[in-house]
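Good morning, and thank you for making time on the agenda.

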Amino acid sequence: MPISVLESAIFKDMFGTAAMRAVFDDRATVARYVEVEVALARVQGRLGIIPADAADRIAEAGVAAQVDLAALKAETEIVGYPILPLVHQLAALCGPAGQYVHWGATTQDIMDTATVLQIRAALELIDSDLARLDALLDQLAARYRDTPMAGRTHLQHALPVTFGYKAAVWLLMIRRHRERLAQLRPRVLIGQFGGAAGTLASLGDRGLEVQAALMRELGLAAAPITWHVARDGLAETVQFLALVAGSLGKIALDIMLMMTNELAEAFEPFVKGRGASSTMPQKRNPISCELMWSASRTVRQHAGLALDAMLHDFERATGPWHVEWSAIPEAFVLTAGSLHQACFMLGGLEVDTARMARNLELTNGLIVAEAVMMGLAPHIGRQVAHDVVYEACRQAHARQRPLADILRADPRVAARLDGAAIDRLCDPSRYLGQAPAMVDRMRSAG
């Protein structure tokens with residue numbers, strides 16, 4: 001059995017996606033290392049830092065390089081990091097030009113910049129999935145803009161809302177995440193090139209020139225100073241993923257509760273056998289929601305790890321860096337998996353509007369008690385109206401009678417409101433507040 005569900009041949013496509021795993025797998029990671037080494041040689045060749053023909057040979061070897069992963073693994077276990085073993089292999093492929101591989105760089109320069117390149121590709125996948133989810137939620141909000149359902153607080157009926165309103169609240173979170181993603185890119189997509197202690201001393205007075213050219217070559221921004229031990233950008237990335245996964249977990253929790261037999265208002269898409277039980281033929285378990293719920297908690301733990309990894313000592317750390325090697329790729333894969341499940345689930349969500357309407361009547365009109373109170377308040381004052389309606393609610397509950405009947409029999413109410421007015425106030429579809437208008441505002445803000 002594999003150590004992680006993310007590597008399991010059975011589970012990996014439930015908890016992650018092939019596209020995101022491909023960004024962070026061993027071959028892709030080594031290819032990014034090689035990409036950075038080759039880019040460094042190219043710019044140094046153009047600037048005359050190393051011989052141009054040596055730069056050309058390194059570039060040729062890098063493009064055609066077939067890195068021996070077994071040898072890389074064996075030497076990495078001795079060295080502790082993969083870059084020196086990789087440089088040995090690249091240098092051997094380049095012949096005499098090999099002496100110019102990795103000129104003026106340090107291991108962390110290559111690994112950090114490779115990680116940023118992976119993050120750039122990974123964020124593109126996240127961005128695409130968020131855009132798809134945005135569209136799905138926008139459609140749900142529009143379709144069910146005026147569909148009344150019970151709004152619930154503390155797991156009890158509160159006031160009527162619409163299902164479109166609920167979907168629009170979910171949409172608000174996703175749109176804010178898309179905004180966050182756009183804002184964090186300039187802070188995160190910054191390459192690393194500082195040399196041994198970050199001062200670029202090995203390149204004399206040309207270090208910053210090489211750094212700027214290298215970042216242009218890779219399409220990354222350059223920091224004004226080396227960030228070997230300033231890990232806030234990477235930590236922010238994982239916090240962002242935790243926020244996304246957390247919002248997806250909230251959506252999952254809502255749908256899981258709505259799928260209960262007692263509510264039965266919305267269901268994951270039907271696929272024969274999906275969510276089935278080995279012993280109970282009637283079961284239709286919320287599989288996508290469960291996976292989203294799980295991801296929200298696991299990515300939250302990685303967010304904590306990323307914060308711990310910010311505590312680097314002096315100019316190069318003695319261990320926190322290694323935490324990122326797990327936290328970053330795993331957080332991305334889990335978030336991608338959760339987004340995939342969300343798009344599947346919401347794209348085929350089955351909504352039972354008739355059941356929503358029946359559930360509105362479960363409390364015999366108590367869900368619109370506030371409406372009655374506010375309708376009565378202009379006649380007898382808000383606090384008195386509150387007390388009158390509170391007493392009526394107690395009677396309706398105890399006697400299992402409609403609230404409207406209790407109100408019509410109360411002379412304090414009947415003296416102020418006729419039967420038609422009471423019926424209007426006790427109609428949940430008439431007490432939706434600004435929910436439909438908020439749906440419109442949310443959709444138009446996209």
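Val 63 counts as exposed, at 67% relative accessibility; here exposed means over 50% relative accessible area, buried under 20%, and partly exposed in between, with a 1.4 Å probe and protein chains only. Please keep in mind that this is a predicted model, in which local features need pLDDT of at least 70, side-chain atom pairs count only at pLDDT 80 or more, and totals for chains, interfaces and linings use all residues. Residues are numbered from 1 along each chain as its sequence is written, and side-chain values use heavy atoms, with hydrogens and water left out.

Val 63 belongs to helix 4, residues 52–64. Helices (H or I, at least four residues) and strands (E, at least two) are DSSP runs, numbered from the N terminus. From Val 63 to Ala 167 there are 104 residues in sequence and 48 Å in space, C-alpha to C-alpha.

Helix 5 covers residues 69–79, and at its start a side-chain oxygen of Asp 68 comes to within 3.1 Å of the backbone nitrogen of Ala 70. Just after this helix, Gly 80 has a positive phi of about 105 degrees.

Is Thr 147 buried or exposed? Thr 147 is buried, its relative accessible area being 14%. This residue sits in the loop between helix 7 and strand 1 (148–153). Neighbours within four places in sequence aside, Thr 147 is in contact (heavy atoms within 4.5 Å) with Val 161, Thr 162, Phe 163, Thr 353 and Met 356.

I turn now to the interior. A nonpolar core is a set of buried Ala, Val, Leu, Ile, Met, Phe, Trp, Tyr and Cys residues joined through side-chain atoms within 4.5 Å. The largest such core has 115 residues, of which Ile 255 and Phe 332 touch the most other members. Helix 7 (residues 107–143) supplies the largest share of this core, 16 residues. Apart from this core lies another, of 25 residues, including Val 388 and Leu 417.

What does Phe 332 touch, not counting residues up to four places away in sequence? The partners of Phe 332 are Met 20, Phe 24, Ile 119, Ala 122, Leu 123, Ile 126, Thr 237 and Leu 241.

That concludes the tour, and I welcome your questions.

Definitions and conventions:
Polar contact = N/O pair within 3.5 Å; in protein donor to acceptor, adjacent residues only side chain to side chain.
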